Every structure is written in structure tokens, then in C-alpha cells.
Amino acid sequence: AEYLYYGEGYDNDEADDFYALLNRSGEAFAYQGDDAARQQLAQLATRNLYYAQQSNLAFRRRHYAMLYANRDDLWDRLGVTGGVMMNANDQSFYAFANSSLKIVDALESFINILTYSRENDTEFHGLFDYMATVGLRWYF
């Protein structure tokens, strides 16, 4: 378990302004009409959305709690990793679980699961509520 304070992150007012700008930019970006002024706003919105993703902030807010666990040696065949990271300012989170099973020396199966908080205007709100991948790895 770990607590992280990130001083460069946004406070509550700054975060509210950031998400309000993102929402307004998203609405302007979606404009498809012929009005020249609104087309210019759509171009400005494109720039806003780009720069919002290039903020150079490792995290958007200031207070985080993290919990991770890893075991790669269960019965000499099974590896399990899991964790959660929570933004304590807006209570958003992401959680993950990864597992791999060695079938034979050169073949391994795996499953990865990732889930995000579902609230809008939070740091860890993803495009999808969850994702999962399943597969085989063959080493040769």
C-alpha cells in the first residue's frame, strides 16, 4: 500500500475548470455545420483537447492511494498480479488483475482485466468501463 501526494496536480477549483473546458471543447469539436465562427471554435476546441492530453502532469490531482500485489511463483506455474489506484480527491479509480499459467515450458496462457470508475469528469474515467484480454504466449 502506498499514499502519493503530487503537489503539481490540480486543486478542486482547477480541476472543475479543467473538466468544464474539456466538456465545452468536446461540444465545440463535434460541430458539423456551415457557420464559419463555429467552425473556428471547433478548430480551437481541437487544440484545447490536444493540449489537455499533453499537460505534462504525471497525475491530474494531488492525493492518491495505491495498493498492488504480485505472486509469480504459485505452484511453479501460476503468476498473479493485481492492484488498484484511487484518486482520493474525486474518488475515481482504476483496478487491474493479470494472471498467467505456464502450460508447458514454451507455452503460457494469460488473462488481463482492467476496470475504471464510471463517473464523468474524473481522472480515471476511461472510454470503456472495463477491458479484458485473453491469450496464449508461445516462446520459441
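Leu 22 touches Leu 49 and Ala 52, once neighbours within four places in sequence are set aside. Leu 22 sits in helix α1, which covers residues 12–29. The model is a predicted one. The chain holds two helices and six strands. Their order along the sequence is β-α-α-β-β-β-β-β. The radius of gyration is 20 Å, well over the 14 Å from the globule rule for 140 residues, so the chain is more spread out than a compact globule.

**Helix α1 and Leu 22**

- Helix α1 spans residues 12–29, and Leu 22 is part of this helix.
- Leu 22 and Leu 49 are 27 residues apart in sequence.
- In space, the C-alpha atoms of Leu 22 and Leu 49 are 6.5 Å apart.
- Ala 52 is also in contact with Leu 22.

**Strand β1 against β2**

- Strand β1 takes in residues 2–5.
- Four bridges tie β1 to β2, and the two strands run antiparallel.
- Leu 4 has Tyr 64 in β2 as its bridge partner.

- Strand β2 covers residues 63–74, and strand β3 covers residues 78–87.
- These two strands run antiparallel and are joined by nine bridges.
- Leu 67 is bridged to Val 84 in β3.
- Arg 71 is bridged to Val 80, also in β3.
- Three residues separate β2 from β3 in this hairpin.
- Trp 75 lies in the turn and has a positive phi of about 55 degrees.

- Strand β4 runs from residue 93 to residue 104 (residues 93–104).
- Nine bridges connect β3 with β4, again in an antiparallel arrangement.
- Gly 82 stands opposite Ala 97 in β4.
- Five residues lie between β3 and β4 in the hairpin.
- In regular strands, side chains alternate between the two faces of the sheet.

**Gln 91 in the loop**

- Gln 91 belongs to the loop between β3 and β4.
- Its phi is positive, at about 60 degrees.
- Gln 91 counts as partly exposed, because its relative accessibility is 49% and the exposed class begins over 50%.
- Gln 91 and Thr 122 are 31 residues apart in sequence.
- The C-alpha atoms of Gln 91 and Thr 122 are 8.0 Å apart in space.

**Whole-chain figures**

- The C-alpha trace spans about 65 × 35 × 25 Å along its principal axes.
- Buried residues make up 26% of the 140 residues.
- Among contacts with a separation of 6 or more, 45% join residues 24 or more positions apart.
- The chain exposes about 10,000 Å².
- The chain carries 11 positive and 20 negative side chains.
- The centres of the positive and negative sets lie 5 Å apart.

Technical notes:
Residues are numbered from 1 along each chain as its sequence is written. This is a predicted model: local features need pLDDT of at least 70, side-chain atom pairs count only at pLDDT 80 or more; totals for chains, interfaces and linings use all residues. Side-chain values use heavy atoms; hydrogens and water are left out. Two strands pair if DSSP finds at least two bridges between them. The radius of gyration is taken over C-alpha atoms; the globule rule is 2.2 Å times the number of residues to the power 0.38. Buried means under 20% relative accessible area, exposed over 50%, partly exposed in between (1.4 Å probe, protein chains only). Contact means heavy atoms within 4.5 Å. Accessible areas come from the Shrake-Rupley method with a 1.4 Å probe; for residues, only the protein chains shown count as cover. Lys and Arg count as positive and Asp and Glu as negative; His and the chain ends are not counted. The place of a charge is taken as NZ of Lys, CZ of Arg, CG of Asp or CD of Glu.
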